[in-house]
Amino acid sequence: DPAAVSGCVSFVADGTHPHDLTDMLAAKGICLRAGHQCAQPLHERLGAPASSRVSVGMYNTLEEIDRIGPAIEEAINALRR
């Protein structure tokens, strides 16, 4: 069942721009998407310039998934300094 092994989460981190966040993570080999995610009216309504999106699927290892959260947190902290 593909739904059991895939998913995505879109988010906005206050004090950071999604493109800066995804650039920092890409340098660590972690790929996220940044932009309007086909939801520009929602971004405008929320006052967000864009959002970041993490997608995982059956092609990801558990080790890769375990790295995502701490890497995002580290990048957000660095961008807020």
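This is a predicted model: local features need pLDDT of at least 70, side-chain atom pairs count only at pLDDT 80 or more; totals for chains, interfaces and linings use all residues.
Let me start with Ala13, which, once its neighbours within four places in sequence are left aside, is in contact with Ile76 and Arg80. Ala13 sits in the loop between strand E1, residues 7-11, and helix H1, and it is buried, because its relative accessible area is 11% and the cut-off for buried is under 20%. If you look from Ala13 across to His36, the two are 23 residues apart in sequence, and their C-alpha atoms are 14 Å apart in space.

Let me now step back to the whole chain. How many helices and strands does the protein have? It has three helices and three strands, and from the N terminus on these elements run in the order β-α-β-α-β-α. The C-alpha trace spans about 35 × 30 × 15 Å along its principal axes, and of the 81 residues, 27% count as buried. If we take the contacts between residues at least 6 apart in sequence, 63% of them join residues at least 24 apart.

Next, the packing of two of the helices. Helix H1, which covers residues 18-26, packs with helix H3, which covers residues 62-80, at an angle of about 125°, and their axes are 10 Å apart. That angle makes H1 oblique to H3, and the crossing of the two helices is right-handed. On the H1 side the residues involved are Asp20, Leu21, Met24 and Leu25, and these meet Ala71, Ile72, Ala75, Ile76, Ala78 and Leu79 on the H3 side. Sorted by class, this contact of H1 with H3 has nine nonpolar residues, no polar residues and one charged residue.

Several of those names come back in the largest nonpolar core, which has 12 residues in all: Phe11, Ala13, Leu21, Leu25, Ile30, Leu32, Val54, Ile68, Ala71, Ile72, Ala75 and Ile76. Which elements give two or more residues to this core? They are H1 and H3, and the largest share, five residues, comes from H3. As general background, nonpolar side chains in soluble globular proteins tend to be buried together.

Is Thr22 buried or exposed? Thr22 is buried, with a relative accessible area of 8%, and, not counting residues up to four places away in sequence, it touches Leu32, Arg33, Ala34 and Ser52.

Finally, I would like to point you to the loop between strand E2, residues 33-35, and helix H2, residues 40-46, where Gln37 is found. Cys38 also has its place in the loop between E2 and H2. Most residues other than glycine have a negative phi, and against that background Gln37, which is not a glycine, has a positive phi of about 50°, while Cys38, again not a glycine, has a positive phi of about 60°. Cys38 is also exposed, because its relative accessible area is 88% and the cut-off for exposed is over 50%, whereas Ala13, where I began, is buried at 11%.

Terms used. Residues are numbered from 1 along each chain as its sequence is written. Side-chain values use heavy atoms; hydrogens and water are left out. Axes are lines fitted to C-alpha atoms, for helices over the stretch in contact, and angles run from 0 to 180 degrees between N-to-C directions. Helices (H or I, at least four residues) and strands (E, at least two) are DSSP runs, numbered from the N terminus. Angles under 35 degrees count as roughly parallel, over 145 as roughly antiparallel, 65 to 115 as roughly perpendicular and the rest as oblique. A crossing is left-handed if the near helix is turned anticlockwise from the far one by less than a right angle, and right-handed if clockwise. Contact means heavy atoms within 4.5 Å. Ala, Val, Leu, Ile, Met, Phe, Trp, Tyr, Cys and Pro count as nonpolar, Asp, Glu, Lys and Arg as charged, and the others, Gly among them, as polar. A nonpolar core is a set of buried Ala, Val, Leu, Ile, Met, Phe, Trp, Tyr and Cys residues joined through side-chain atoms within 4.5 Å. Buried means under 20% relative accessible area, exposed over 50%, partly exposed in between (1.4 Å probe, protein chains only).
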